[in-house]
Protein chains: 2
Amino acid sequence: MASTLALVSKTRCFKGEVRKYTHDSAATNGKMTFNIYLPDVALSNKERVPVLYYLSGLTCNEDNMITKGGALAYLSDERIALVTPDTSPRGAGISGEDDDWELGTGAGFYVDATEEPWKKNYNMYSYVQSELQQIVAESFAVDTSRTSIFGHSMGGHGALVLALRNPGYYKSVSAFAPICHPSTSNWGRKQFTAYLGSNESVWAAYDATELVKVYDGPALPVLVDQGDADQFYSSKQLQPSHLVIAAESSKRPVQLDSRMQPGYDHSYYFICTFMKDHIAFHARHLRM
Amino acid sequence: MASTLALVSKTRCFKGEVRKYTHDSAATNGKMTFNIYLPDVALSNKERVPVLYYLSGLTCNEDNMITKGGALAYLSDERIALVTPDTSPRGAGISGEDDDWELGTGAGFYVDATEEPWKKNYNMYSYVQSELQQIVAESFAVDTSRTSIFGHSMGGHGALVLALRNPGYYKSVSAFAPICHPSTSNWGRKQFTAYLGSNESVWAAYDATELVKVYDGPALPVLVDQGDADQFYSSKQLQPSHLVIAAESSKRPVQLDSRMQPGYDHSYYFICTFMKDHIAFHARHLRM
C-alpha cells in the first residue's frame, strides 16, 4: 500500500496544477519529495492521462525541471501528467553525504546501493521504478499503461536504464545530455564504486550502453539530444557515441535517434530549447 | 558615452544567445548586472531587432525572468531582443540595505531616490530609462525606435511608470500582477517614504494610476494580467481596479486591456502561463 502523501503546495500553471508532495519512503527509509503536474482533465477526474517521468541531474532536486524546463505549456496542451522526483534521499544522516556534489545528496544515480553506508537509503532505482510509480498510480487520474520517461545528464542515464531494464513498460524514453556509458566515465565509475562496490560486473545492470547490447523486448523508441558546447561532453563524461555504436552493432530493437546540437551547453538553456521536441516525441508514442 | 561592458557569460538558447554583462553605472554609482537575449539575426548583425525590456519584482534579480519566464522560445521565433536588468543596486554599502526584502537590495522600485541614505545609488528610474538603454543601443544590433517594456509586480509598476512618463517612446507596455496604485498601498508607501520622502505630492510621478489620469501622448497599448488567487492581490497591494477606473474615467489615450485570470497566484507559474500572450501583444505593436 502506498504511504500517505502530504500536500506541500499546489499552484495553477497553464491549464493544470503543479503539486508538491512529501511522503515516507520504504525504498529510501526516509522522507521523499516529488512534484506532479496534472492537466485539468486529470484534476477533475474526467480523463486518465498518460504520465511522463523526468529524472534530474547532479545537484538538482524535484524543482529544476518544473521551473526551468519549459515543459508545462506543452504538457498542458497534450494533456500529459509529469512527475519529477528528487535526485536522492536527503538528510539520511550518512557521514559525508553532503560533502561532495557528485556523491550522496543530489547524486543518487538511480541505483539500488549494495554497499555501506549507502545501502539502507540510496535505492533510487526501486524508489522511482516501483514505489513512486505505485503511489502515483493509486493517487492520481493517470493511465499507467501509457507511461514514458526522460531525464538530463545523471537523470538521462537513469531514464535510459529504467526503460532498458523494464521492456514494454515505457512507451518511449528520451534524454538530454545523458551519461551514456557510466562504467567507463568518471561520472559513473566513482558513484558505482561507492554504491555498488568494486566488482565491475554488477555495474552493467546500470549502464545504458551495456543494457542496449542485451535489450530483449518490444521496439523501444529512444531520443537523445547532446549539445556540442557541453563541457561534460568535451570531458568525456557523457559519451553518446558509445550508445550509438552499441545500438547499431547489437541490432537489438532499440530505435535510437541521437542528435548533436551545435552550440548548446549542459544547462537548462539547452534543455528548454529542445523540450518541445521531446514532449512531442513522447506524446506521439503515448497516444499510439 | 556608455561605460565598458564586461561579458560574464554567454549561452546558446533557442535560436539566439543569453548574455550576462556587468558594467559601472553612473546612475547608481556602482556595478550593475543585466542579461540580454539576442536572436541569431542580431548576433550576426543581419538585422536590427526590436527590443523588449522586462523589469522584475521584489527579491528578484536579472535572472528570474530569463530562467523561469518561458519567454525565450517566443522571442526567438519573433526575432525580438530581451533585456532584463537587476532590481536594485547591490552592495552599495548603505546601512541596513540587506535587512528588509521590501526595501534596499532587490527593491529599487524604479524610482530616483531623493532622500538619504539612498539618493546616491537608488536611481533605478534613470538607470533603466536612460543609462541602460543607451548602453544597449550602442552595444547591440537593436532598433531602438521599436522598444517596448513589461514587468512583474514591482517591475510591472516600473514598466507602467516608464511607459506613461515617456510618451511615444515605448510602442506598448504590459504587466503581470503590477503594483498599480503604490501611493495607496503598503507596497509603495513604504518605499516612496524612504526613497522620496514624506511629501506625497512628489509620489504621483511614480504612480501608474495617477500618471494614467494625466497621460498626454500617442495611443499607448497596455495589457495587464492579474491572478485572482494572488495573495498580494487579496491583501490589496496591487489594486488593478484603480488603474482600470483611472483609465476609463480620465479618457486619456491609454488603451488598457486588464484581465483577471482565475486560479493563478503571484509566481512565475502564473507569469509563464501568460507569457505567450504578452510576447504576441508586444510583437504586434513592435512590428507595426
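The model is predicted. Chain B can be laid on chain A by a turn of 180°, which is the relation of a two-fold axis. The largest nonpolar core has 95 residues, and another core, of 94 residues, lies apart from it.

**How the two chains are related**

- Among the residues of chain B, Lys68(B) comes closest to the rotation axis, with its C-alpha at 2.6 Å.

**Nonpolar cores**

- Within the largest nonpolar core, of 95 residues, the residues with the most contacts are Leu72(A), Leu82(A) and Tyr195(A).
- Helix H10 of chain A, residues 268–286, supplies the largest share of this core, with 8 residues.
- Apart from this core lies another one of 94 residues, which includes Tyr21(B), Leu55(B), Tyr264(B) and Phe274(B).
- Leu82(A) has contacts beyond its neighbours within four places in sequence, among them Leu72(A), Leu75(A) and Phe150(A).
- Other contacts of Leu82(A) include Asn35(A), Ile36(A), Tyr37(A), Leu52(A) and Tyr54(A).
- Met65(A) and Ile66(A) are also in contact with Leu82(A).

**Helices H4 and H5 in chain A**

- The axes of H4(A) and helix H5 of chain A, residues 154–165, come within 11 Å and cross at roughly 60°.
- At that angle H4(A) and H5(A) are therefore oblique to each other.
- The crossing of H4(A) past H5(A) is right-handed.
- On the H4(A) side, Tyr125(A), Val128(A) and Gln129(A) meet Val161(A), Leu162(A) and Arg165(A) of H5(A).

**Helices H4 and H5 in chain B**

- In chain B, the axes of helix H4 (residues 124–139) and helix H5 (residues 154–165) come within 11 Å, crossing at roughly 60°.
- H4(B) and H5(B) are therefore oblique to each other.
- H4(B) makes a right-handed crossing as it passes H5(B).
- Tyr125(B), Val128(B) and Gln129(B) make the contact from H4(B), and Val161(B), Leu162(B) and Arg165(B) make it from H5(B).

- In chain A, Asn123(A) sits in the loop between strand S5 (81–85) and helix H4 (124–139).
- Asn123(A) counts as buried because its relative accessibility is 11%, where the cut-off for buried is under 20%.
- Setting aside neighbours within four places in sequence, Asn123(A) is in contact with Ala27(A), Thr28(A), Val111(A), Asp112(A) and Ala113(A).
- Pro117(A) is found in the loop between S5 and H4 of chain A, and the peptide bond from Glu116(A) to Pro117(A) is cis, with omega near 0°.
- In chain B, the peptide bond from Glu116(B) to Pro117(B) is cis, with omega near 0°.
- Pro117(B) is placed in the loop between strand S5 (81–85) and H4 of chain B.
- As background, most peptide bonds are trans.

**Residues with a positive phi**

- Most residues other than glycine have a negative phi.
- Phe14(A) is not a glycine, yet has a positive phi of about 45°.
- The position of Phe14(A) is the loop between strand S1 (6–12) and strand S2 (16–25) of chain A.
- With 13% relative accessibility, Phe14(A) counts as buried.
- Lys236(B), also a residue other than glycine, has a positive phi near 60°.
- Lys236(B) lies between helix H8 (231–234) and helix H9 (240–250) of chain B, in the loop.
- Lys236(B) counts as exposed because its relative accessibility is 58%, where exposed means over 50%.

**Ala42 in chain B**

- Ala42(B) belongs to helix H1 of chain B, residues 40–43.
- A relative accessibility of 5% means that Ala42(B) counts as buried.
- Not counting residues up to four places away in sequence, Ala42(B) touches Glu47(B), Val49(B) and Ala141(B).
- Ala280(B) is 238 residues from Ala42(B) in sequence, and their C-alpha atoms are 19 Å apart in space.

Definitions and conventions
Residues numbered from 1 in each chain as written. Chains lettered and ligands numbered in written order. Predicted model: local features only at pLDDT ≥ 70, side-chain atom pairs only at ≥ 80, totals over all residues. Heavy atoms only, no water. Core = buried A, V, L, I, M, F, W, Y, C linked by side-chain atoms within 4.5 Å. Buried < 20%, exposed > 50% of the residue type's maximum accessible area, 1.4 Å probe, protein only. Helix = DSSP H or I, 4+ residues; strand = E, 2+ residues; numbered from the N terminus. Contact = heavy atoms within 4.5 Å. Least-squares fit on C-alpha atoms with pLDDT ≥ 70 in both. Axes fitted to C-alpha atoms, helices over the stretch in contact; angles between N-to-C directions. Parallel < 35°, antiparallel > 145°, perpendicular 65-115°, else oblique. Left-handed = near helix turned anticlockwise from the far one by under 90°.
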